[in-house]
Amino acid sequence: MEIKKGINVSPGVVIAPAVVLDAQEYRIPRRKIDAHEVEGELDWLRKGFEASLAEINLLREAMSRQLGEDIASIFDFHHGVLSQERIRDQISDHIRKNKYSAAYAAREDLRDYQRRFLNMEDVVLRERVRDVRDIERRLLRNLCGHVAEDLTHLNHPAILIAHDLTPSQSANLAQTKVVGVAMDVGGLTSHTAIVVRSMGIPAVMGLKDVSTQVSHGDTVILDGVKGLVVIRPDEEMLTEYRLEEERIQAMVSDLSGLRDKPAVTEDGTRVTLFSNIEFPYESRMVLEKGAGGIGLYRTEFLYLRSETEPTEQEHYEAYSEVVQAMGSRPVIIRTLDLGADKYTQSQAMEPERNPFLGLRSIRYCLQNLEPFKVQLRAILRASIEGDVRIMFPLISGLMELRQAKMTLGDAMEDLEELGIPFNRDIPVGIMVETPAAGIQIRELNREVDFISIGTNDLIQYTLAVDRGNERVASLYTGSHPAVLRTLRDIVRAAIRDKVDCSLCGEMAGEPMYTLFLLGIGLRHFSMAAGDIPEIKNIIRSTTIGHAQKIARRVLTFDTARQVSNFLRDETRKLVPEAL
Ligand code: PEP
Ligand code: MG
């Protein structure tokens, strides 16, 4: 049994066998097996070879059709290596004699094979090492049960163990039986974390080397509350966690009774609780959890799930589906926030040195006006179907906002010329997620209908701490006094300027911050649907006067630790089962 501690990014407790995926390099652990497991590993090896050969045959056929037999023959070498009995026998011997897992034995033998090619005199033969590497990757992928397509074939619940997943890879997990995710890298507000949380899949990230410690099929306990992963647990631990699983389920079902109750404080102040979504199908879950609307629709996921750019019609259909599902409830559609950790295929081909400070979000849109206008026209078309609002991300100054609004004006003109109806008075807002926007908030407020504070980015840019980097995860915190004072100033400015202000970063769904945020005057929250019941419970258990007292005290503290300890204690006093 081994226990690993990471960052708890999505709550819940699950116990299931592991499926191991390493998206970057196939770093296969040196795992010893017991004598009774040898036959199983040999069988697994045989299947791995068969699957790899089948893939090569398909590729060869397709290549032959498209480019001719000459070009297709480049796969003959791959075919030859994979069908050679000698290599397979050698790996099988390795498994039998040394009792290594099939993946480890195959990796070792193929590495040895590569070394032999590398030592060849003949340059042409030496070049073959690339092909051997390719064969190794293919075989290991098959031996480890890798790739998303394979995950869709999972026929039992499993915990996915990976070095890393991109937000687009995680987007496909909804169609699989994956019930938990554990990763070597990642942090609380990385987009991969956000996606799995919105799917309600418990997850622990920043575990450093979990992908090298777990083998395919190992039993794993994933505790997304404490941020623990228990590998090959003993009976005592299993019993303890089965009880914990039941306890959490009971708590969730208790809170579900709040669904139709209003989010109103004990002294009668109403708070709106909206939900963040990435995919149209989430609208159903949003309604089940009792959200009053969509406070942030992260539309860029439309791009991330497909290889090609979505058309105006595809954009429109996605927005329309959400708007229709939400009826008269507001739907705030955020324009494309591509770049940084959410990159398109073409952006992946040209990685930036510093992508979070690079061509992301509104900057990307303003340099790529055509796809931006395609999206704006689609949002406008959907605007007559409900209460649709537009929000621009990562605004860092007035010129950017004005340029974005001008482009919106152009999109309106396009539709007018075509005689397509839209809401000319569609409310336009911005995300306040750069320190620059926070400092210039009064000027920005004059030119928008609403603002929404994106604390995920605001924290990273205020503290200069990468939101997705597990190595600095302990420095990434909303409790830092600099962050809290910035939030106070933004909310205060919005109240003075009579501009609707919401908060849609992950802080909105963290119970520890609810009292503080209420206390500084925030009345609109938007969060992952699953967080709504717990936040509503806290709101219904306090008064505004009490929250204001808490906020005043919090703003006197000098360090993040003092803030977190105080807020945790005060929240627990009100709602003991919170946190
Ligand atoms: C944020 O930055 O807080 C936010 C809500 O947007 P995203 O997480 O998509 O960057
Ligand atoms: Mg953001």
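Eight strands of this predicted model close into a parallel barrel, in the order E9-E10-E11-E12-E13-E14-E15-E16. Strands are DSSP runs of E with at least two residues, helices are runs of H or I with at least four, and both are numbered from the N terminus. Two strands count as paired if DSSP finds at least two bridges between them. From one strand to the next, the twist averages 30 degrees. Strand E9 (residues 272-277) runs parallel to strand E16 (residues 524-528), and five bridges join them. Asn276 stands opposite Ala528 in E16.

Residues are numbered from 1 along each chain as its sequence is written, and ligands are numbered from 1 in the order in which they are written. In this predicted model, local features need pLDDT of at least 70, and side-chain atom pairs count only at pLDDT 80 or more, while totals for chains, interfaces and linings use all residues; side-chain values use heavy atoms, without hydrogens and water.

A magnesium ion (ligand 2) is coordinated by Glu433 (OE) and Asp457 (OD), at 2.0 to 2.1 Å. Glu433 lies in the loop between strand E13 (428-432) and helix H20 (435-439), and Asp457 in helix H22 (residues 455-463), so the pair ties together parts that are 24 residues apart in sequence. Donors are N, O and S atoms within 2.8 Å of the metal (3.2 Å for Na, K and Ca); water is not among the atoms, so sites may look incomplete. Both Glu433 and Asp457 are buried, meaning under 20% relative accessible area with a 1.4 Å probe, protein chains only.

Terms used
Buried < 20%, exposed > 50% of the residue type's maximum accessible area, 1.4 Å probe, protein only. Axes fitted to C-alpha atoms, helices over the stretch in contact; angles between N-to-C directions.
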